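Student: I'd like to learn how to read pockets and helix faces in a model. Can we walk through one together?

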Amino acid sequence: MTLIEGKVTVTTTDASPKEATPLVLAPGDRVRLGLADQAAPKLDRPRVEQATSWTHGEVSFDDVSLSDAIAEVNRYSRAHVHLDGEPVLTELGGGYWVMT
């Protein structure tokens with residue numbers, strides 16, 4: 001989740017109330033929850049234009065794995081992309097796709 005404006009407090013429900021640490025998001029902050037390779041929420045600050053490009057039918061990638069890029073494209077497209085075999089290209093940088 002990327003916050004564009006305002007202020008939001010995020011608390012996960014998987015920890016006991018004594019262990020839960022609320023995260024306060026400011027505009028431009030992103031929190032990533034429930035990722036298989038992480039135990040705790042991850043807070044970062046992506047480029048806002050990149051994080052919101054889906055709102056006008058675009059997706060933009062910068063230094064992401066090909067499998068993550070495909071997963072992101074599949075979030076917004078009715079026709080899903082499927083990769084067969086091992087990719088030759090494993091990282092995308094500066095990618096820009098217009099979704100139709």
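Tutor: A pocket here is an open set of grid points with protein on both sides within 12 Å along at least five of seven lines. Rolling a probe the size of a water molecule over the atoms shows where empty space is left. Bear in mind that this is a predicted model.

Student: What volume does the largest pocket have?

Tutor: About 1,100 Å³. It is lined by 32 residues, and those closest to its centre are Arg-30, Arg-32, Val-64, Glu-72 and Arg-75.

Student: Which element gives the most to that lining?

Tutor: That's β5, with seven residues. At least two lining residues also come from each of β3 (30-32), β4 (42-44), α1 (48-51) and α2 (66-76).

Student: Now α2. Which of its residues are buried?

Tutor: Take buried as under 20% relative accessible area. In α2 that picks out Leu-66, Ala-69, Ile-70, Val-73 and Asn-74. These sit on the same side of α2 because they cover an arc of only 135° around the axis. On the face turned away from that buried side, you'll find the exposed residues Ser-67 and Arg-75.

Student: And how many helices and strands does the whole chain have?

Tutor: Two helices and six strands, in the order β-β-β-β-α-β-α-β along the sequence. Of the chain's 100 residues, 25% are buried.

Conventions
Residues are numbered from 1 along each chain as its sequence is written. This is a predicted model: local features need pLDDT of at least 70, side-chain atom pairs count only at pLDDT 80 or more; totals for chains, interfaces and linings use all residues. Side-chain values use heavy atoms; hydrogens and water are left out. On a 1 Å grid over the protein atoms alone, a cavity is a set of points where a 1.4 Å probe fits but cannot get out, and a pocket is an open set with protein on both sides within 12 Å along at least five of seven lines; lining residues have an atom within 4 Å of a point. Grid points are joined across faces, edges and corners, and a volume is the space filled by probe spheres set on the points. Helices (H or I, at least four residues) and strands (E, at least two) are DSSP runs, numbered from the N terminus. Buried means under 20% relative accessible area, exposed over 50%, partly exposed in between (1.4 Å probe, protein chains only). The arc is that of the directions from the helix axis to the C-beta atoms.
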